[in-house]
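User: Can you walk me through this one? I'd like to start with the pockets.

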Amino acid sequence: MKIVKLAPFPARFSVRFSAHFATLMLTQVLTLLLSMALSHNSQAQPTPPFGKKLPATAPALRDFVPRGWAVENQVSGDLNGDGQADIAAVVVQNKGAGDASGDDRQRGLIVLLASGKAYSLLGSNDKLLQCQGCGGVKDGVNVTIKNGVLVVSQYSGSREYSIYTWRFRLDASSQRLQMIGIDEEETDSMLGKGSTVSTNLLTGQQISETYQYNQKQERNIILTSKKSKVAKTPTLFEDAVGNQ
């Protein structure tokens, strides 16, 4: 058998091929790094509530309300222990042209700290509350400030209705509002039966109960009660998402 020897590639071809391969690999690596950087940047800078950045400080609540929104209700109370009246406001989108009912308008929350004759923005959220009218007959939102805690309750349903309550408190280290508890209640008003789930996000303790309303005693009688542990998951006010 005759063995045929193949001539080796010229040295200049080998060098040229190596340089081309190195350039190609470098281009791919740089493209990957750029894509990762852009992805990280988009995650690090999410869209702010209401689609725009609200003022950091301003003289009055109206100066913080975004264009196209209006105050539905507001309450005052001390959130940071300085003795001044801070503000928590529920805002709602203005009616669109030809919208007679005003239903399906998005709701949001704006919380301000009082500082002398001005206010500073403590937090804003447009993902916690359901839209106006989306809760049916019992649709409504109640906001209170008590003992330094912001309490937000949302009502929805008719005969069978639900109440979701979120509690927020100013975190001393970060100086930001943090969710500390969630209460959920489901009730059948005709049968007088219901259930509640109360979660303390600071201790991780959760209490689940069922009850029956007693007409003679005019109060709920607890039928079952169960305690359990859940993960402590601190959530900032801006990141809180409700039961839509």
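Analyst: Strands are DSSP runs of E with at least two residues, helices are runs of H or I with at least four, and both are numbered from the N terminus. This is a predicted model, where local features need pLDDT of at least 70, side-chain atom pairs count only at pLDDT 80 or more, and totals for chains, interfaces and linings use all residues. Residues are numbered from 1 along each chain as its sequence is written, and side-chain values use heavy atoms, with hydrogens and water left out.

User: OK, which strand gives the most to the lining of the largest pocket?

Analyst: That's strand S5, residues 118-125, with four residues. A pocket here is an open set of points on a 1 Å grid over the protein atoms alone, where a 1.4 Å probe fits, with protein on both sides within 12 Å along at least five of seven lines; lining residues have an atom within 4 Å of a point.

User: What volume does the largest pocket have?

Analyst: About 270 Å³, taken as the space filled by probe spheres set on grid points that are joined across faces, edges and corners.

User: And which residues line it?

Analyst: Among them are Pro-48, Pro-49, Lys-52, Lys-53, Leu-121, Leu-122, Arg-176 and Glu-238. The lining of this largest pocket divides into six nonpolar, two polar and four charged residues. Ala, Val, Leu, Ile, Met, Phe, Trp, Tyr, Cys and Pro count as nonpolar, Asp, Glu, Lys and Arg as charged, and the others, including Gly, as polar.

User: What about the second largest pocket, what's its volume?

Analyst: About 180 Å³ for the second largest pocket. Ile-180, Gly-181, Ser-198, Thr-199 and Asn-200 are the closest to its centre, out of 14 lining residues. Strands S8 (160-171), S9 (176-188), S10 (193-200) and S11 (205-214) are the elements giving two or more residues to that lining, and S9 gives the most, with four.

User: How does that lining divide into nonpolar, polar and charged?

Analyst: The second largest pocket has four nonpolar, seven polar and three charged residues in its lining.

User: Switching topic: where does Gly-68 lie?

Analyst: Gly-68 is in the loop between strand S1 (57-58) and strand S2 (69-77).

User: What does Gly-68 touch?

Analyst: Leaving out residues up to four places away in sequence, Gly-68 touches Val-92, Gln-93 and Asn-94; contact means heavy atoms within 4.5 Å.
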